[in-house]
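Q: Could you walk me through this structure, one feature at a time?

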Amino acid sequence: MVAGLTLFMAPAAFAEPLTFSGDVSAKYQRDTEDGADDTSGMIYTFRLNGVADLGSGWSLYTRFGAQYAHEPSQSDFNPDSYDSGKKGVMALDQFGFTYQAEKMTYKLGRQDVAVGTTALLYSRPDSNIGKEVFVDGLSFSGTVGAMDISGILAREDNAGSEDKNNLYAVRAGYSPSENFNWGVTLGRYHYTDGGNTNHWAVDSTYKLDKSAWTVEYTQSNRSDDNRAYAATWNYDFNDKTGAYITAFRVEPNGDMGGQSDFDNGYRGFKYGVTHQLQENDSLEVVFTDQKEIDSRLRNTSLEVTLSHAF
């Protein structure tokens with residue numbers, strides 16, 4: 001935290017100039033659920049990233065995030081970390097150090113994380129905002145010989161007295177040709193109150209002309225309800241507009257700690273369209289249609305997001 005505050009408040013302390021980037025966005029979201037009232041509202045988000053070059057491959061990073069949500073249940077912040085009904089939050093929510101070696105990048109500090117090519121096993125994404133929504137640890141990515149290597153060793157930053165569970169994962173990928181890649185992921189999720197789960201996953205991506213197909217399958221060492229999969233087709237109409245369709249199924253014990261990027265215990269489809277309006281302005285429309293695996297109760301979510309990057 002001290003490192004992050006120093007970056008924002010004392011730029012004269014660094015020989016190299018600070019660099020800043022970020023984005024602002026406005027999102028309309030409408031959710032439906034069998035047996036419940038529909039929910040809709042606007043969500044406004046601001047993110048500011050700061051980086052300072054420390055020399056010899058080292059740099060300091062931090063991020064300030066703020067969000068206001070008309071419906072707190074639709075927000076990207078952790079409601080357990082704030083007063084009941086809180087609509088607006090702001091926090092210095094990511095900070096730490098990065099080290100750039102010749103072919104590897106290391107990141108130490110509070111950060112977002114995705115485990116699995118499709119974030120099927122675990123996800124605390126960059127779209128989260130505020131305190132107690134990320135992890136503290138060490139991540140790495142790069143190449144070793146002909147292999148792509150990435151991984152994470154981290155502890156969750158959770159609200160209040162909630163258990164600070166640990167996660168460990170590593171993926172190795174290989175590209176036998178320019179348009180084909182496959183990989184294997186091994187992971188472990190450790191509950192600090194006792195117990196753990198072991199996970200493995202395989203994935204593959206194939207590109208042809210304007211299309212790309214990615215599939216991922218994972219399984220844990222639990223005795224039942226221990227599988228998950230995601231299959232995505234992406235199509236680029238041109239350099240500005242693209243679309244995708246994802247089919248997924250995540251059984252209750254199929255991911256790490258119930259924190260897949262897809263809702264745990266559900267199966268369904270995601271449909272998305274992205275369009276670059278101008279160089280720094282983009283529009284994304286995402287529709288999710290899913291059912292709970294056990295009860296078969298259905299819910300949907302429509303998200304329309306307009307973003308400006310700077």
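Q: Which aromatic cluster does Phe46 form, and with which residues?
A: Rings of Phe, Tyr and Trp (its six-membered ring) pair if their centres lie within 6.5 Å; planes under 30 degrees apart count as stacked, over 60 as edge-to-face and the rest as tilted. Here, Phe46, Phe64 and Phe310 form one aromatic cluster. A word on the source: this is a predicted model, where local features need pLDDT of at least 70 and side-chain atom pairs count only at pLDDT 80 or more, while totals for chains, interfaces and linings use all residues. Residues are numbered from 1 along each chain as its sequence is written, and side-chain values use heavy atoms, with hydrogens and water left out.

Q: How many aromatic pairs are there by this rule?
A: The count comes to 15 aromatic pairs. One of them joins Phe46 and Phe310, and it is stacked: 6.2 Å centre to centre, with 15° between the planes. This pair links distant parts of the chain. Phe46 is in strand β2 (residues 36-55), Phe310 in the segment after β18 (298-309), and they are 264 residues apart. Strands (E, at least two residues) and helices (H or I, at least four) are DSSP runs, numbered from the N terminus.

Q: Why is the pair of Tyr174 and Trp182 called edge-to-face?
A: The ring centres of Tyr174 and Trp182 are 6.3 Å apart and the planes lie at 70°, so the pair is edge-to-face.

Q: Is Tyr174 buried, exposed or partly exposed?
A: Buried means under 20% relative accessible area, exposed over 50%, partly exposed in between (1.4 Å probe, protein chains only). Tyr174 is partly exposed, at 31%. Trp182 is partly exposed too, at 38%.

Q: What is Tyr68 in contact with, leaving aside its neighbours within four places in sequence?
A: Contact means heavy atoms within 4.5 Å. Tyr68 is found in strand β3 (residues 58-69). With those neighbours set aside, it touches Met42, Ile43, Tyr44, Lys87 and Gly88. Tyr68 and Gly88 are 20 residues apart in sequence and 4.1 Å apart in space, C-alpha to C-alpha.

Q: Which residues make up the largest nonpolar core?
A: In soluble globular proteins, nonpolar side chains tend to be buried together. A nonpolar core is a set of buried Ala, Val, Leu, Ile, Met, Phe, Trp, Tyr and Cys residues joined through side-chain atoms within 4.5 Å. The largest one has twelve residues: Val113, Val115, Leu121, Tyr122, Val135, Ile152, Ala154, Leu167, Ala169, Tyr189, Ala201 and Met256. A second, separate core of six residues includes Leu120, Ala230, Phe248 and Val250.

Q: Which residues lie nearest the centre of the second largest pocket?
A: On a 1 Å grid over the protein atoms alone, a pocket is an open set of points where a 1.4 Å probe fits, with protein on both sides within 12 Å along at least five of seven lines; lining residues have an atom within 4 Å of a point. This pocket is lined by 19 residues, and Ala114, Ser139, Phe140, Ser150 and Gly151 lie nearest its centre.

Q: Where does Asp209 lie, and what is its phi?
A: Asp209 lies in the loop between β12 (196-208) and β13 (211-220). Its phi is positive, about 55°, although it is not a glycine. At 78% relative accessibility, Asp209 counts as exposed.
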